[in-house]
Amino acid sequence: MTSPWYASYFSEPYGEVYANYLLPPEDTVTEAKFTAKALKLKVADRILDCPCGYGRHLAEWKKFPHIVGLDLDADCLVRSKATVAPESPVLRGDMRSLPFADNSFDVIINLFNSFGYFTPKENRLVLDEWYRVLAPKGRLLIDIVNPPPLVEIVSDNPRTMVQVRDLVFTEDWGLDAEKNILSNRTTIQLGKKRCKRSYKLQLYSFEELQEMLAEAGFKFQKVWGDFDGEVYAPDESDRLIVIATK
């Protein structure tokens, strides 16, 4: 049986490529600062970064002593532990079945297009799990790509290539318009090393995300269109950043 894409896509050299080539450190700082301000994070808050990836945001939130990172990928966790441990515990786990008791957290943070990995039913299960482990009045922040501008970009440029020093990062894009699923085939040429990965991401409009959150029991609070705090514009904003509460 073939393993799902998310079982291997984020394994190395993913962390090396994004940490050292593709993502400017200032972007991480901006995202972390905006998130902390938008959620009004307090030192006493019990916070879950889910999934935490290779720990780039955790590294910016070290002043919050009760924060935990969770991710499914073992390589990401190794890199994350090297970045933030022992300040922030990082655990291996699946968003669909969280290894935490009910009401364990005051805040859950989900950044960088990491909602929509699974089937629609399983994506809803992720929301149910977040709701379960959040304490009453707990806050949830979800950051996903806003579909309309992305669909236009993919339609106009089905292949993109980025060259940075000894990295050539090529992505071939596809879109199932009926199911609203984005597909990606990634080729990473890093020096003499070459590997190929692929992923599929379920896209959600603002209205669809609102409906799913409500069905899971959440109360919508606010939406932004980017990490500069711009007003969300359905056809123009790059991001769809939502806060909801339990």
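Let's start with Asp-106, which is buried in this predicted model, with a relative accessible area of 18%. Its side chain meets that of Arg-46 in a salt bridge, 3.1 Å from N to O. If you follow the chain, these two sit 60 residues apart: Asp-106 is in strand E4, residues 105-110, and Arg-46 is in the loop between helix H2 (25-38) and strand E1 (47-49). Arg-46 itself is partly exposed, because its relative accessibility is 31%.

Arg-124 in helix H4 (residues 120-133) and Glu-215 in helix H6 (residues 206-216) are 91 residues apart, and their side chains form a salt bridge of 3.6 Å, N to O. Both partners count as partly exposed, Arg-124 at 26% relative accessibility and Glu-215 at 47%.

Now, please find Asp-45. Is it buried or exposed? It counts as buried, because its relative accessibility is 4%. Asp-45 forms a salt bridge with Lys-42, and the closest N and O atoms are 3.9 Å apart. Lys-42, at 47% relative accessibility, is partly exposed. Arg-139 joins in too: salt bridges that share partners tie Lys-42, Asp-45 and Arg-139 into one network. Over the whole structure, the search finds 13 salt bridges.

Let's zoom out to the domains. Domain 1 takes in 5-94, 101-142 and 235-245, while domain 2 covers 149-199. Their centres, taken over C-alpha atoms, are separated by 23 Å. The contact involves 16 residues from domain 1 and 15 residues from domain 2.

What we do have between the domains is seven residue pairs in polar contact. On the domain 1 side, the residues touching domain 2 are eight nonpolar, four polar and four charged. The area buried between the domains is about 1,200 Å², with carbon and sulfur atoms giving 67% of it. Three names to remember here are Tyr-9, Tyr-21 and Leu-22: they supply 49% of the area that domain 1 buries against domain 2, more than any other three residues.

One last stop, at Asp-172 in strand E7, residues 167-176. Asp-172 counts as buried, because its relative accessibility is 13%. Its side chain is joined to that of Arg-159 by a polar contact of 2.7 Å. Leaving aside residues up to four places away in sequence, Asp-172 touches Pro-158, Arg-159, Ser-183, Asn-184 and Arg-185.

Methods:
Residues are numbered from 1 along each chain as its sequence is written. This is a predicted model: local features need pLDDT of at least 70, side-chain atom pairs count only at pLDDT 80 or more; totals for chains, interfaces and linings use all residues. Side-chain values use heavy atoms; hydrogens and water are left out. Domain bounds come from an automatic or database domain assignment. Contact means heavy atoms within 4.5 Å. Buried area is the accessible area (1.4 Å probe) that two parts lose on being put together, summed over both. A polar contact is a pair of N or O atoms within 3.5 Å; within protein, one must be able to donate a hydrogen and the other to accept it, and residues adjacent in sequence count only if both atoms are side-chain atoms. Ala, Val, Leu, Ile, Met, Phe, Trp, Tyr, Cys and Pro count as nonpolar, Asp, Glu, Lys and Arg as charged, and the others, Gly among them, as polar. Helices (H or I, at least four residues) and strands (E, at least two) are DSSP runs, numbered from the N terminus. Buried means under 20% relative accessible area, exposed over 50%, partly exposed in between (1.4 Å probe, protein chains only). A salt bridge is a side-chain nitrogen of Lys or Arg within 4 Å of a carboxyl oxygen of Asp or Glu.
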